[in-house]
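Please open the model in your viewer and keep the sequence panel beside it.

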Amino acid sequence: MNLRLNGRVALVTGSGRGIGAAIARRLAAEGAAVAVVDLDRDDAVRTAADLPGSRGYGADVADLDQLRSVVDRVHEEFGRFDILVNNAGITRDRTLRKMEAAEWDEVIRINLTGVWNGCKAAQPHLLEAGPTGRIISLSSTSYLGNFGQVNYAASKAGVVGLTRTLALEMARAGVTVNAIAPGFIDTAMTRAMPAEVFNRVVASVPLGRPGQPEDVAAAAAFLASDDAAYVTGQVVFVCGGYSVGAGHP
Ligand code: NAD
């Protein structure tokens, strides 16, 4: 594996399992020391145990104080802080007619405010890092519109607006800020759907298969590396052509 991230320190939220764990593994394979952060601390510690030079931490991204204390601890323990991956996210899918206010609030708080919290907590360290500084946040093709996901789509559209704006604010320091919009990826999140819905969505993916967490991790590693030094304010679609087939960007 190409050691593009040798010497860099990365923090990945929601990386105890799923896409986040794959991103943590890929960044570590490319030479980064990774802080694996998850609401489920045991999962975080287990994932980090397999990655040389990495450590697991428990934190809720919806809580700015908790996240800030982990970010500052990572900066202190690892001696620097280069890459923030805002990956933690949830779904609470229902049509608006059936959705409760609490389901709206919870998704916005974790998926959107959680990203703001990560950026807010890490910004001083990323400005110090300068041209190795990176923010990568998980959006979703759902931000373009997806039945039964008004809360999730709004949160993921918010991530795009935040990313494009923060890219402008941090550009002078050389820090890049980008988002990844995965399509349909095979994780616990999508396996929670009834099998027939899962299979129907997969059948509509032009490349004919669900994405794997590793497909998303490869894009994250690119954005984290010097190869992407001139890429900022962008949304990278990793969706097997799903959004294109639906007539979207
Ligand atoms: P997942 O449910 O498999 O894993 C999510 C992880 O985030 C879990 O380890 C969970 O404990 C953690 N988490 C949840 N709430 C948290 C919180 N408040 N604080 C800290 N950690 C928390 O999900 P996934 O499929 O791996 O999704 C990862 C990201 O990718 C999410 O932002 C999701 O919206 C996005 N995404 C996923 C898909 C997909 O098809 N799976 C598609 C597009 C975007």
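Select helix H7 and then its neighbours: the buried residues of H7 pack against helix H6 (188-191) and helix H9 (242-245), where contact means heavy atoms within 4.5 Å. This is a predicted model, in which local features need pLDDT of at least 70 and side-chain atom pairs count only at pLDDT 80 or more, whereas totals for chains, interfaces and linings use all residues. Residues are numbered from 1 along each chain as its sequence is written, and side-chain values use heavy atoms, with hydrogens and water left out. Helices are DSSP runs of H or I with at least four residues, numbered from the N terminus.

Within H7 (residues 195-203), colour Phe-198, Val-201 and Val-202, which are buried, that is, under 20% relative accessible area with a 1.4 Å probe and protein chains only, exposed being over 50%. Viewed down the axis of H7, the buried residues fall within an arc of 100°, taken from the directions from the axis to the C-beta atoms, and so line one face of the helix. On the face turned away from that side, pick out the exposed Glu-196, Arg-200 and Ala-203.

Next, select the ligand, which 27 residues surround, the closest being Arg-17, Asp-38, Asn-87, Tyr-152 and Thr-187; a residue is near if one of its heavy atoms lies within 4 Å. H6 gives the most to this shell, with three residues. An oxygen atom of the ligand is 2.7 Å from a side-chain N or O atom of Arg-17, and one is 2.6 Å from a side-chain N or O atom of Asp-38.

Conventions
Helices (H or I, at least four residues) and strands (E, at least two) are DSSP runs, numbered from the N terminus. A polar contact is a pair of N or O atoms within 3.5 Å; within protein, one must be able to donate a hydrogen and the other to accept it, and residues adjacent in sequence count only if both atoms are side-chain atoms.
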